[in-house]
Amino acid sequence: MATGRGRLLLQHWLGLQALRLPLGGVGAAPGSGGFRKGAGVEFAASWTMLKQYARCGRKCEGPSAACSVSLDGMPPEILLKILSYLDAVTLLCAGCVNRRFYHLANDNFIWIRIYSTAFSPKRSSWKVNSVAKTAVSANLLSVEDKEAGYWKKEYITKQIASVKAALAQLLKPVSPYTGLPVKTKEAIRISGLGWVIILKEKSGREYVMEHVELSVNDSSVTIVWYGKNWPRLATLSTLNLCGVTPVFMDRSKIPTKNGPRWHSLIAKYSLSHFPESTMIGCDRLIRIFHLNPGLLVGLWKREEELAFVTANLHLHHLAERSTLGSAALPYELPPHTPRLDDTPEYGLHGYQLHVDMHSGGIFYLCSTFRNLFTKKGHIENGYAKLTVIHFKNNTEHLPLVGKVGLSWRTDVFDGCIKSCSIMDMTLLDEYGQPFWCFSSPVCMRSSPRPLDGPHFWGQTYDVDYVDSAGRLHMELVWITETEEHFIVSLVLYLSVAKINHWFGTRY
């Protein structure tokens, strides 16, 4: 076999010399023996290498001889010829083998052929875009003037831009109830979007975990990670939540996890300490902790090690946050331009609220509230009080469907933690634009004080959530006769700073 390889390489060389064919693909200069001269590419060195292969082939007389021809020892010209037959994804993967292959896989002659094939000007039956055609021809003539890897960068940049444009078009239609895109599932499928968590040890070592489960809800996405090979919690320092998308997207093929992917940092969390204040529930096997924003961490009670991680991501700007950031920095939203209006108490009326409470595909609450408003007199301590469900109005009270509990599972055990769930909230302004959105685990905590007003037979509970945009406070009562929770009060406290920034007011 070695003899055959040596003779084959020698014949290939002699044939190319006789025909004087270019080896580098598009743009190879004729009359130069088929090779382009560059750093480390010399005619004599290549010829000497091939003669050594030929001598090696003559010496090796059987398949068991200790003589072989490796890709690493081949001349760069032959490797470039081989690489010229690869597609873009395979070529990028080949560039990760070692430093030599990285430089070879950056070859501009190979990449301009791929670029021209993918983005060649479209011709109609009656007209040819001569300007675009001339521009491509001029680029072909100036390949050697560009630095190595120039056309690879151009191809990747244009591919990413085309995918982003397709996603933006797909996410334009929005729901009149939630103000959120209605084709989120299709956008995730087409873009190949997924999510990973990167666990970083204090020593600097990293573990990349692919998600195990993914569910798309009306207003959020829930992603779950679990397995048997978690690193020890004591060695971990941070957890990075990232969106990942294939660099090259082919709609006719199912996205693969083995190809090159783009990482977009969504949030970074510290795992060095879990305060008791972040624990929202437990059962006989695990304790669960809430890390803001939207992360749920389950720890085994006995070992105090990771059992599972769940991320709850609101659909508002989800595609942008999961694709437009970098591996080190999250995506920053463009600056908001307020709509100025001289209407009295502008920015304090016309709100619409959509709120869900769910877990494991079971929805305990799914309600929409319209025409919500507040007044200047309800502004206190930097918050504007927006009452959604009035405690004294029995007609507004709402029941939760079923027994509330947060379902969890690993590859070994599963369970349900009582009184916990995932809450998705979307508050729209009077123009139907999302003003305040979140998706977060919440817990119904027993209220030590009796509710002011009508007497209820049953235990009372509070649900609270706080972030920079405002606070949510919900009061519930357990009705013993019907064995169900009723929401008897729901109040939003909107940050005045957020209102002034959003509407350009000065409250």
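Visitor: Leaving aside its neighbours within four places in sequence, which residues is Leu492 in contact with?
Guide: This is a predicted model, in which local features need pLDDT of at least 70 and side-chain atom pairs count only at pLDDT 80 or more, while totals for chains, interfaces and linings use all residues. Residues are numbered from 1 along each chain as its sequence is written, and side-chain values use heavy atoms, with hydrogens and water left out. Contact means heavy atoms within 4.5 Å. Beyond those neighbours, the partners of Leu492 are Leu353, Ala384, Lys385, Leu386, Val388, Met425, Leu427, Trp436, Arg471 and Leu472.

Visitor: In the largest nonpolar core, which residues have the most contacts inside it?
Guide: A nonpolar core is a set of buried Ala, Val, Leu, Ile, Met, Phe, Trp, Tyr and Cys residues joined through side-chain atoms within 4.5 Å. Buried means under 20% relative accessible area, exposed over 50%, and partly exposed in between, with a 1.4 Å probe and protein chains only. In soluble globular proteins, nonpolar side chains tend to be buried together. Here the largest core has 38 residues, and those with the most contacts inside it are Leu427, Trp436 and Leu492.

Visitor: How many residues are in the other core that lies apart from it?
Guide: Among the members of this separate core are Leu180, Ile197, Phe274 and Ala311. Its residue count is 33.

Visitor: What share of the contacts with a separation of 6 or more is between residues 24 or more positions apart?
Guide: The chain has 507 residues, of which 45% are buried. Among its contacts with a separation of 6 or more, the share with residues 24 or more positions apart is 60%.

Visitor: How many helices and strands does the chain have?
Guide: Helices (H or I, at least four residues) and strands (E, at least two) are DSSP runs, numbered from the N terminus. By that count the secondary structure comes to eleven helices and 23 strands.

Visitor: What is the strand order of the open sheet of six strands?
Guide: Two strands pair if DSSP finds at least two bridges between them. The pairing in this sheet is antiparallel, and the order is 3-4-10-9-8-7.

Visitor: Which are the edge strands of that sheet?
Guide: An edge strand here pairs on one side only. That applies to strand 3 (213–216) and strand 7 (279–282).

Visitor: Which residue in strand 9 is the bridge partner of Arg287?
Guide: Strand 8 (residues 286–291) forms a hairpin with strand 7, with three residues between them, and Arg287 is the bridge partner of Cys282. Strand 8 also pairs with strand 9 (residues 295–300) in the antiparallel sense, over six bridges. In strand 9, the partner of Arg287 is Leu299.

Visitor: Which two residues does a cis peptide bond join?
Guide: Pro293 is in the loop between strand 8 and strand 9. Omega is about 10° for the cis bond that joins Asn292 and Pro293.

Visitor: Which residues of helix 11 are buried?
Guide: Helix 11 spans residues 496–503. The cover over its buried residues includes strand 11 (349–359), strand 13 (379–380), strand 14 (383–389), strand 19 (434–443) and strand 23 (484–495). The buried residues are Val496, Ile499, Asn500, Trp502 and Phe503.

Visitor: Is Ser495 buried or exposed?
Guide: Ser495 is in strand 23. Leaving aside neighbours within four places in sequence, Ser495 is in contact with Gly382, Tyr383, Ser468, Ala469 and Gly470. With a relative accessible area of 9%, Ser495 counts as buried.

Visitor: What is the phi of Glu345?
Guide: Glu345 lies in the loop between helix 10 (318–323) and strand 11, and is partly exposed at a relative accessible area of 29%. Lys375, in the loop between strand 12 (362–373) and strand 13, is in contact with Glu345. Phi of Glu345 is positive, in a residue other than glycine, and near 55°.

Visitor: Is Asn371 buried or exposed?
Guide: Asn371 is in strand 12, and its phi is positive, near 55°. Its relative accessible area is 67%, so Asn371 is exposed.
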